[in-house]
Amino acid sequence: MRIVVTGGAGFIGSNFVRSTLAQRPDVQVTVLDALTYAANPANLSGLADAYPGRFRLVEGSITDARLVDELVAGADLVVHFAAESHNDNSLTNPLAFITTNVTGTAVLLEAATTHGAHFHHISTDEVFGDLPLESTEKFTPSTPYNPSSPYSASKAASDHLVRAWVRSKGLDATISNCSNNYGPRQHPEKFIPRQITGLIEGHKPRVYGAGLNVRDWIHVDDHNAAVWTVIDKGETGKTYLIGADGEKTNLEVVTALLGIFGHPDNWFVHVTDRPGHDRRYAIDASSMRALGWRPVYTDFAAGLKATVDWYTQHPQWWESARHDAETRYRDTEKELGGNR
(Lines give C-alpha, C1' and ligand atoms only; values in the text may rest on other atoms or scores of the structure.)
Protein backbone atom coordinates (compact mmCIF):
# COMPACT_ATOMS: atom_id res chain seq x y z
CA MET A 1 0.00 0.00 0.00
CA ARG A 2 1.25 3.46 -0.92
CA ILE A 3 0.01 6.25 1.32
CA VAL A 4 0.36 10.03 1.47
CA VAL A 5 0.27 11.46 4.99
CA THR A 6 -0.31 15.21 5.12
CA GLY A 7 1.09 17.01 8.15
CA GLY A 8 3.27 14.01 8.91
CA ALA A 9 6.00 16.09 10.55
CA GLY A 10 3.62 17.37 13.23
CA PHE A 11 2.61 15.84 16.54
CA ILE A 12 -0.10 13.30 15.73
CA GLY A 13 1.02 12.79 12.13
CA SER A 14 4.63 11.92 12.98
CA ASN A 15 3.56 9.43 15.62
CA PHE A 16 1.21 7.92 13.01
CA VAL A 17 4.04 7.64 10.49
CA ARG A 18 6.39 6.03 13.00
CA SER A 19 3.87 3.45 14.19
CA THR A 20 2.75 2.69 10.63
CA LEU A 21 6.27 2.00 9.39
CA ALA A 22 7.02 -0.13 12.44
CA GLN A 23 3.82 -2.17 12.41
CA ARG A 24 2.87 -2.39 8.72
CA PRO A 25 5.79 -3.61 6.59
CA ASP A 26 3.65 -3.59 3.43
CA VAL A 27 3.10 0.20 3.58
CA GLN A 28 5.15 2.87 1.82
CA VAL A 29 4.77 6.36 3.30
CA THR A 30 5.16 9.74 1.62
CA VAL A 31 4.83 12.67 4.02
CA LEU A 32 3.69 16.01 2.61
CA ASP A 33 4.35 18.80 5.10
CA ALA A 34 4.83 22.55 4.73
CA LEU A 35 7.22 22.45 7.72
CA THR A 36 5.69 25.50 9.37
CA TYR A 37 6.55 26.40 12.96
CA ALA A 38 4.30 23.61 14.34
CA ALA A 39 6.14 20.89 12.43
CA ASN A 40 9.55 19.50 13.29
CA PRO A 41 11.66 17.51 10.81
CA ALA A 42 13.32 15.88 13.84
CA ASN A 43 10.03 14.05 14.40
CA LEU A 44 10.89 11.97 11.33
CA SER A 45 14.64 11.72 11.75
CA GLY A 46 16.18 8.35 11.00
CA LEU A 47 13.14 6.94 9.21
CA ALA A 48 14.63 7.00 5.71
CA ASP A 49 17.58 4.91 6.92
CA ALA A 50 15.52 2.63 9.15
CA TYR A 51 12.98 1.90 6.41
CA PRO A 52 14.85 2.16 3.07
CA GLY A 53 12.54 2.57 0.10
CA ARG A 54 9.48 2.92 2.34
CA PHE A 55 9.65 6.52 3.53
CA ARG A 56 10.18 9.96 2.04
CA LEU A 57 9.47 13.51 3.14
CA VAL A 58 8.25 16.11 0.63
CA GLU A 59 8.22 19.72 1.75
CA GLY A 60 5.23 21.55 0.33
CA SER A 61 1.77 22.93 0.95
CA ILE A 62 -1.52 21.08 0.64
CA THR A 63 -2.77 24.17 -1.21
CA ASP A 64 -0.29 23.48 -4.05
CA ALA A 65 -2.63 21.71 -6.47
CA ARG A 66 0.12 20.62 -8.87
CA LEU A 67 2.26 19.03 -6.16
CA VAL A 68 -0.71 17.41 -4.45
CA ASP A 69 -1.93 15.92 -7.71
CA GLU A 70 1.52 14.53 -8.46
CA LEU A 71 1.81 12.83 -5.08
CA VAL A 72 -1.74 11.51 -4.87
CA ALA A 73 -1.51 10.09 -8.41
CA GLY A 74 0.78 7.38 -7.04
CA ALA A 75 -1.14 6.70 -3.82
CA ASP A 76 -3.74 4.20 -2.68
CA LEU A 77 -4.61 6.17 0.43
CA VAL A 78 -4.43 9.76 1.69
CA VAL A 79 -4.44 10.30 5.47
CA HIS A 80 -5.07 13.99 6.07
CA PHE A 81 -3.63 15.31 9.35
CA ALA A 82 -2.36 18.68 8.10
CA ALA A 83 -4.08 21.64 9.74
CA GLU A 84 -3.59 24.94 11.45
CA SER A 85 -4.79 23.91 14.89
CA HIS A 86 -4.03 26.37 17.69
CA ASN A 87 -7.12 28.19 18.94
CA ASP A 88 -5.29 31.26 20.23
CA ASN A 89 -3.58 31.75 16.87
CA SER A 90 -6.90 31.45 15.05
CA LEU A 91 -8.23 34.43 16.99
CA THR A 92 -5.47 36.71 15.70
CA ASN A 93 -4.87 35.23 12.22
CA PRO A 94 -8.07 33.46 11.11
CA LEU A 95 -7.43 33.66 7.35
CA ALA A 96 -4.43 31.32 7.65
CA PHE A 97 -6.77 28.71 9.11
CA ILE A 98 -9.26 29.11 6.27
CA THR A 99 -6.52 28.78 3.66
CA THR A 100 -4.95 25.64 5.08
CA ASN A 101 -7.91 23.86 6.62
CA VAL A 102 -10.56 24.64 4.02
CA THR A 103 -8.82 25.36 0.72
CA GLY A 104 -6.08 22.80 1.38
CA THR A 105 -8.63 20.09 2.14
CA ALA A 106 -10.53 20.87 -1.07
CA VAL A 107 -7.33 20.54 -3.10
CA LEU A 108 -6.64 17.13 -1.56
CA LEU A 109 -10.21 15.95 -2.12
CA GLU A 110 -10.03 16.83 -5.80
CA ALA A 111 -6.78 14.91 -6.24
CA ALA A 112 -8.10 11.87 -4.35
CA THR A 113 -11.24 11.86 -6.49
CA THR A 114 -9.29 12.20 -9.73
CA HIS A 115 -6.94 9.33 -8.92
CA GLY A 116 -9.31 7.02 -7.03
CA ALA A 117 -7.44 7.10 -3.72
CA HIS A 118 -9.19 6.36 -0.44
CA PHE A 119 -9.28 9.48 1.73
CA HIS A 120 -9.31 9.57 5.52
CA HIS A 121 -9.89 12.95 7.11
CA ILE A 122 -8.64 13.66 10.64
CA SER A 123 -10.88 16.12 12.46
CA THR A 124 -11.62 17.29 15.98
CA ASP A 125 -14.41 17.17 18.55
CA GLU A 126 -14.19 20.97 18.70
CA VAL A 127 -16.48 21.19 15.64
CA PHE A 128 -19.38 20.34 17.98
CA GLY A 129 -18.81 23.34 20.25
CA ASP A 130 -19.01 22.51 23.93
CA LEU A 131 -21.18 20.81 26.53
CA PRO A 132 -22.45 22.07 29.90
CA LEU A 133 -19.98 21.41 32.71
CA GLU A 134 -22.66 19.85 34.89
CA SER A 135 -24.06 17.46 32.25
CA THR A 136 -23.23 13.84 31.42
CA GLU A 137 -23.98 14.34 27.72
CA LYS A 138 -21.38 13.27 25.16
CA PHE A 139 -20.76 14.11 21.51
CA THR A 140 -22.03 11.58 18.97
CA PRO A 141 -21.74 11.53 15.16
CA SER A 142 -25.22 13.12 15.00
CA THR A 143 -24.41 16.04 17.33
CA PRO A 144 -25.05 19.32 15.47
CA TYR A 145 -21.99 21.37 14.62
CA ASN A 146 -21.55 24.51 16.72
CA PRO A 147 -17.92 25.69 16.42
CA SER A 148 -16.68 28.39 18.78
CA SER A 149 -13.46 29.65 17.15
CA PRO A 150 -12.11 30.30 13.66
CA TYR A 151 -10.06 27.09 14.09
CA SER A 152 -13.02 24.85 14.90
CA ALA A 153 -15.16 26.58 12.26
CA SER A 154 -12.52 25.87 9.62
CA LYS A 155 -12.38 22.21 10.66
CA ALA A 156 -16.17 22.02 10.54
CA ALA A 157 -16.07 23.39 7.00
CA SER A 158 -13.48 20.80 5.96
CA ASP A 159 -15.62 17.99 7.41
CA HIS A 160 -18.57 19.18 5.32
CA LEU A 161 -16.40 19.31 2.21
CA VAL A 162 -15.45 15.66 2.67
CA ARG A 163 -19.12 14.69 2.94
CA ALA A 164 -19.96 16.75 -0.15
CA TRP A 165 -17.23 15.01 -2.21
CA VAL A 166 -18.49 11.61 -1.06
CA ARG A 167 -22.06 12.38 -2.04
CA SER A 168 -21.60 14.44 -5.20
CA LYS A 169 -18.34 13.03 -6.61
CA GLY A 170 -18.33 9.47 -5.35
CA LEU A 171 -15.15 9.82 -3.28
CA ASP A 172 -14.27 6.87 -1.05
CA ALA A 173 -13.70 8.72 2.22
CA THR A 174 -14.11 8.44 5.98
CA ILE A 175 -13.91 11.00 8.79
CA SER A 176 -12.78 10.71 12.39
CA ASN A 177 -13.29 13.37 15.06
CA CYS A 178 -10.97 12.87 18.01
CA SER A 179 -10.75 14.30 21.49
CA ASN A 180 -7.66 16.04 22.90
CA ASN A 181 -4.40 14.16 22.30
CA TYR A 182 -1.34 14.03 24.54
CA GLY A 183 2.01 12.25 24.29
CA PRO A 184 5.53 12.76 22.90
CA ARG A 185 6.40 15.28 20.18
CA GLN A 186 3.51 17.68 20.84
CA HIS A 187 4.37 21.31 20.21
CA PRO A 188 5.01 23.26 23.45
CA GLU A 189 2.34 25.82 22.59
CA LYS A 190 -0.33 23.23 23.49
CA PHE A 191 -1.73 22.87 27.00
CA ILE A 192 0.01 19.78 28.42
CA PRO A 193 3.48 20.25 26.87
CA ARG A 194 3.38 23.96 27.70
CA GLN A 195 2.87 23.11 31.37
CA ILE A 196 5.47 20.32 31.29
CA THR A 197 8.22 22.34 29.64
CA GLY A 198 7.50 25.30 31.89
CA LEU A 199 7.78 23.11 34.97
CA ILE A 200 11.06 21.67 33.70
CA GLU A 201 12.35 25.24 33.47
CA GLY A 202 11.06 26.02 36.96
CA HIS A 203 8.01 28.11 36.03
CA LYS A 204 4.59 27.87 37.65
CA PRO A 205 1.85 26.44 35.38
CA ARG A 206 -0.62 28.94 33.92
CA VAL A 207 -4.31 28.05 34.08
CA TYR A 208 -7.04 29.78 32.09
CA GLY A 209 -9.82 31.16 34.31
CA ALA A 210 -10.87 28.86 37.15
CA GLY A 211 -9.39 25.82 35.39
CA LEU A 212 -12.73 24.00 35.35
CA ASN A 213 -12.90 23.49 31.58
CA VAL A 214 -13.06 19.77 30.82
CA ARG A 215 -11.18 17.97 28.05
CA ASP A 216 -11.47 14.30 27.08
CA TRP A 217 -7.84 13.14 26.88
CA ILE A 218 -6.52 10.32 24.70
CA HIS A 219 -2.95 9.15 24.15
CA VAL A 220 -1.70 9.84 20.63
CA ASP A 221 -0.87 6.16 20.04
CA ASP A 222 -4.46 5.15 20.87
CA HIS A 223 -5.74 7.79 18.45
CA ASN A 224 -3.54 6.55 15.64
CA ALA A 225 -4.48 2.91 16.24
CA ALA A 226 -8.11 4.00 15.96
CA VAL A 227 -7.39 5.79 12.68
CA TRP A 228 -6.08 2.58 11.16
CA THR A 229 -9.14 0.73 12.47
CA VAL A 230 -11.36 3.18 10.58
CA ILE A 231 -9.25 2.88 7.43
CA ASP A 232 -9.34 -0.92 7.58
CA LYS A 233 -12.95 -1.41 8.68
CA GLY A 234 -14.84 1.86 8.34
CA GLU A 235 -17.77 2.51 6.01
CA THR A 236 -17.44 5.05 3.19
CA GLY A 237 -19.04 8.36 4.06
CA LYS A 238 -19.32 7.59 7.76
CA THR A 239 -17.98 9.62 10.68
CA TYR A 240 -16.34 7.92 13.67
CA LEU A 241 -15.71 9.59 17.02
CA ILE A 242 -12.48 8.62 18.78
CA GLY A 243 -12.16 9.00 22.54
CA ALA A 244 -10.87 7.12 25.57
CA ASP A 245 -13.24 8.26 28.34
CA GLY A 246 -10.48 10.50 29.70
CA GLU A 247 -12.41 13.53 30.96
CA LYS A 248 -10.30 15.79 33.18
CA THR A 249 -10.58 19.44 34.15
CA ASN A 250 -7.60 21.59 33.25
CA LEU A 251 -7.03 22.02 36.97
CA GLU A 252 -6.92 18.23 37.49
CA VAL A 253 -4.28 17.91 34.75
CA VAL A 254 -2.18 20.70 36.27
CA THR A 255 -2.51 19.17 39.74
CA ALA A 256 -1.36 15.80 38.40
CA LEU A 257 1.67 17.44 36.76
CA LEU A 258 2.52 19.33 39.94
CA GLY A 259 2.51 16.02 41.80
CA ILE A 260 4.90 14.49 39.28
CA PHE A 261 7.29 17.42 39.75
CA GLY A 262 6.94 17.40 43.54
CA HIS A 263 5.15 20.74 43.90
CA PRO A 264 2.08 21.49 46.05
CA ASP A 265 -1.35 21.53 44.40
CA ASN A 266 -1.62 25.31 44.57
CA TRP A 267 1.71 26.08 42.87
CA PHE A 268 0.19 27.70 39.77
CA VAL A 269 -1.21 31.03 38.58
CA HIS A 270 -4.62 31.87 37.14
CA VAL A 271 -4.59 33.90 33.91
CA THR A 272 -7.30 35.65 31.89
CA ASP A 273 -9.58 33.17 30.17
CA ARG A 274 -9.45 32.75 26.40
CA PRO A 275 -12.30 34.38 24.41
CA GLY A 276 -14.94 31.80 23.47
CA HIS A 277 -13.24 29.12 25.61
CA ASP A 278 -15.25 25.88 25.30
CA ARG A 279 -16.43 24.51 28.64
CA ARG A 280 -16.48 20.75 28.24
CA TYR A 281 -15.75 18.09 25.60
CA ALA A 282 -16.76 14.46 25.93
CA ILE A 283 -16.76 11.73 23.27
CA ASP A 284 -19.16 8.82 22.82
CA ALA A 285 -16.80 6.40 21.08
CA SER A 286 -19.30 3.56 20.70
CA SER A 287 -18.91 3.68 16.90
CA MET A 288 -15.23 2.83 17.37
CA ARG A 289 -15.95 0.11 19.91
CA ALA A 290 -18.29 -1.44 17.32
CA LEU A 291 -15.30 -1.74 14.96
CA GLY A 292 -13.33 -3.59 17.65
CA TRP A 293 -11.01 -0.76 18.76
CA ARG A 294 -10.17 -0.26 22.43
CA PRO A 295 -7.72 2.23 24.00
CA VAL A 296 -4.53 0.78 25.49
CA TYR A 297 -3.47 3.82 27.55
CA THR A 298 -6.32 3.71 30.06
CA ASP A 299 -4.22 4.93 33.02
CA PHE A 300 -3.97 8.69 32.43
CA ALA A 301 -1.56 9.24 35.33
CA ALA A 302 0.88 6.68 33.91
CA GLY A 303 0.58 8.11 30.40
CA LEU A 304 1.16 11.61 31.72
CA LYS A 305 4.26 10.51 33.65
CA ALA A 306 5.68 8.84 30.51
CA THR A 307 5.03 12.06 28.59
CA VAL A 308 6.84 14.11 31.23
CA ASP A 309 9.76 11.68 30.99
CA TRP A 310 9.93 12.13 27.20
CA TYR A 311 10.11 15.94 27.43
CA THR A 312 12.62 15.74 30.28
CA GLN A 313 14.86 13.51 28.16
CA HIS A 314 14.56 15.59 24.96
CA PRO A 315 15.14 19.28 25.85
CA GLN A 316 16.89 19.86 22.52
CA TRP A 317 13.63 19.00 20.78
CA TRP A 318 11.47 21.63 22.50
CA GLU A 319 13.60 24.46 23.89
CA SER A 320 13.66 26.62 20.75
CA ALA A 321 10.00 25.93 19.96
CA ARG A 322 9.00 26.83 23.51
CA HIS A 323 10.84 30.14 23.32
CA ASP A 324 9.07 31.01 20.07
CA ALA A 325 5.68 29.91 21.43
CA GLU A 326 6.03 32.02 24.56
CA THR A 327 6.92 35.01 22.41
CA ARG A 328 3.72 34.46 20.40
CA TYR A 329 1.71 34.18 23.62
CA ARG A 330 3.04 37.54 24.77
CA ASP A 331 2.18 39.07 21.38
CA THR A 332 -1.33 37.58 21.58
CA GLU A 333 -1.75 39.05 25.06
CA LYS A 334 -1.01 42.49 23.67
CA GLU A 335 -3.59 42.05 20.89
CA LEU A 336 -6.38 40.52 22.99
CA GLY A 337 -5.63 42.21 26.29
CA GLY A 338 -5.20 40.62 29.70
CA ASN A 339 -2.65 38.36 31.34
CA ARG A 340 -2.27 35.11 29.40
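Guide: In this predicted model, helix α8 (residues 220–233) lies across β7 and β9, and runs at about 75 degrees to β9. Helix α9 (residues 250–260) packs on the sheet as well, touching β9 and β11, and its direction makes about 80 degrees with that of β11.

Visitor: In what order do the strands of the sheet with β7, β9 and β11 stand?

Guide: Strands of a sheet pair through backbone hydrogen bonds, either parallel or antiparallel. Here the open sheet of three strands has the order β7-β9-β11, and its pairing is mixed. The edge strands β7 (180–182) and β11 (247–249) each pair on one side only. Neighbouring strands are turned by 50 degrees against each other on average, direction ignored.

Visitor: How many bridges join β7 to β9?

Guide: Three bridges join these parallel strands, β9 comprising residues 214–219. Tyr 182 has His 219 in β9 as its bridge partner.

Visitor: Which order does the sheet of seven strands follow?

Guide: That open sheet reads β3-β2-β1-β4-β5-β6-β10, with parallel pairing. β3 (55–59) and β10 (239–242) each have a single partner strand, so one side of each lacks a neighbour in the sheet. From one strand to the next, the twist averages 20 degrees.

Visitor: Which helices lie across β5?

Guide: Among them, helix α5 (residues 94–115) lies across β1 (2–6), β4 and β5, at about 160 degrees to β5. Helix α6 (residues 150–169) lies across β5, β6 (173–178) and β10, at about 155 degrees to β5.

Technical notes. Residues are numbered from 1 along each chain as its sequence is written. This is a predicted model: local features need pLDDT of at least 70, side-chain atom pairs count only at pLDDT 80 or more; totals for chains, interfaces and linings use all residues. Side-chain values use heavy atoms; hydrogens and water are left out. Two strands pair if DSSP finds at least two bridges between them. Helices (H or I, at least four residues) and strands (E, at least two) are DSSP runs, numbered from the N terminus. Axes are lines fitted to C-alpha atoms, for helices over the stretch in contact, and angles run from 0 to 180 degrees between N-to-C directions. Contact means heavy atoms within 4.5 Å.
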